[in-house]
Amino acid sequence: MALAAAHPGFLSPTGVEIAFVLVGIATLGAALVTVTTKQLVHAALWLVVALGGLAVEYLLLTAEFIAWVQVLIYVGSVVVLLLFGLMLTKAPIGRSPDADSGNRWAALTVAVAAAAALVWVVVDAFRTTWIDLDGPAQGSTRVTGEMLFQHWVLPFEALSVLLLAALVGAIVLSRKNGKERR
């Protein structure tokens, strides 16, 4: 009761907070379907839904630039590259019984342990951190651009080279398979 009195908005969520939770639940559902489906193309399409849900979450957090980066880079590039890779390597379109290795319990154990470790690290790192609401918006284009070009240029460029190498590898594999059939 004292907590509710100290924070008057604690028990009365706003529309943005309700939308954030609903979109988060839908995004989590899409992510779960992504990793549990046995059809590779459906997994890629559900990944589009999950990444799009993250972009909506960024919009609800008023980080418009990050939301557009999410849409352009992840949905627009990574998923398109994944779909091209599936098409070029002639991955099966329907159900893939070999896509399931039978290690579901081991995978679930590792996933739960990794999630617990991630939550523990984030909570431990940000336990006493408070957001300054009077300062510049953290999701603004200026702040994000400064952080991106000061600290994250090399990892970003390394990722682009990695994606290019993956695309070239898919093309090489598809050409090799085409020569063997002739």
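Among the elements that cover the buried residues of helix H6 is helix H4. In this predicted model, H6 spans residues 141-151, and its buried residues are Val 143, Thr 144 and Gly 145.

The protein as a whole is built from seven helices and has zero strands. Read from the N terminus on, its elements follow the order α-α-α-α-α-α-α. An α-helix has 3.6 residues a turn, so residues three or four places apart point the same way. Of the 182 residues in the protein, 15% are buried. The protein exposes about 13,800 Å², and carbon and sulfur atoms supply 73% of this area. When contacts between residues at least 6 apart in sequence are considered, 69% of them join residues at least 24 apart.

Helix H3 comprises residues 40-60, and its axis comes within 8 Å of the axis of H4. The two axes cross at roughly 175°. H3 is therefore roughly antiparallel to H4, because an angle over 145 degrees counts as such. By class, the contact of H3 with H4 has 19 nonpolar, two polar and one charged residues. On the side of H3, the residues in this contact include Leu 40, Val 41, Ala 44, Leu 47, Val 48 and Leu 51. Gly 52, Leu 54, Ala 55, Tyr 58 and Leu 59 also belong to the H3 side. On the side of H4, the residues include Glu 64, Ile 66, Ala 67, Gln 70, Val 71 and Tyr 74. Val 75, Val 79, Leu 82, Leu 83 and Leu 86 are also among the H4 residues that take part.

Leaving out residues up to four places away in sequence, Gln 70 touches Leu 51, Leu 54, Ala 55, Tyr 58 and Val 75. Two of these partners, Leu 54 and Tyr 58, are described next.

Tyr 58 lies in H3 and has a relative accessibility of 28%, which counts as partly exposed. With residues up to four places away in sequence not counted, Tyr 58 touches Ala 63, Ile 66, Ala 67 and Gln 70. The C-alpha atoms of Tyr 58 and Gln 70 are separated by 8.7 Å, while the two residues are 12 residues apart along the chain.

Leu 54 is also found in H3. Its relative accessible area is 35%, and Leu 54 is partly exposed. Under the exclusion of residues up to four places away in sequence, Leu 54 touches Thr 27 and Gln 70. The C-alpha atoms of Leu 54 and Gly 24 are separated by 7.8 Å, although these residues are 30 residues apart along the chain.

Another residue of H3 is Leu 40, which is partly exposed at 32% relative accessibility. Leu 40 and Leu 82 are 42 residues apart along the chain, and their C-alpha atoms are separated by 10.0 Å.

The loop between H3 and H4 contains Thr 62. The phi angle of Thr 62 is near 60°, a positive value in a residue other than glycine. Most residues other than glycine have a negative phi.

Ser 160 is placed in helix H7, which runs over residues 153-181. With a relative accessible area of 33%, Ser 160 is partly exposed. Ser 160 and Val 78 are 82 residues apart along the chain, and 9.8 Å separates their C-alpha atoms.

A search of the whole structure finds one salt bridge. The side chains of Asp 124 and Arg 127 meet in a salt bridge, with an N to O distance of 3.8 Å. Asp 124 has a relative accessible area of 44% and is partly exposed. Arg 127 has a relative accessible area of 55% and is therefore exposed, the cut-off being over 50%.

Conventions: Residues numbered from 1 in each chain as written. Predicted model: local features only at pLDDT ≥ 70, side-chain atom pairs only at ≥ 80, totals over all residues. Heavy atoms only, no water. Contact = heavy atoms within 4.5 Å. Axes fitted to C-alpha atoms, helices over the stretch in contact; angles between N-to-C directions. Helix = DSSP H or I, 4+ residues; strand = E, 2+ residues; numbered from the N terminus. Parallel < 35°, antiparallel > 145°, perpendicular 65-115°, else oblique. Nonpolar A, V, L, I, M, F, W, Y, C, P; charged D, E, K, R; others polar. Salt bridge = Lys/Arg side-chain N within 4 Å of Asp/Glu carboxyl O. Buried < 20%, exposed > 50% of the residue type's maximum accessible area, 1.4 Å probe, protein only. Areas by Shrake-Rupley, 256 points an atom, 1.4 Å probe, with all protein chains shown as cover.
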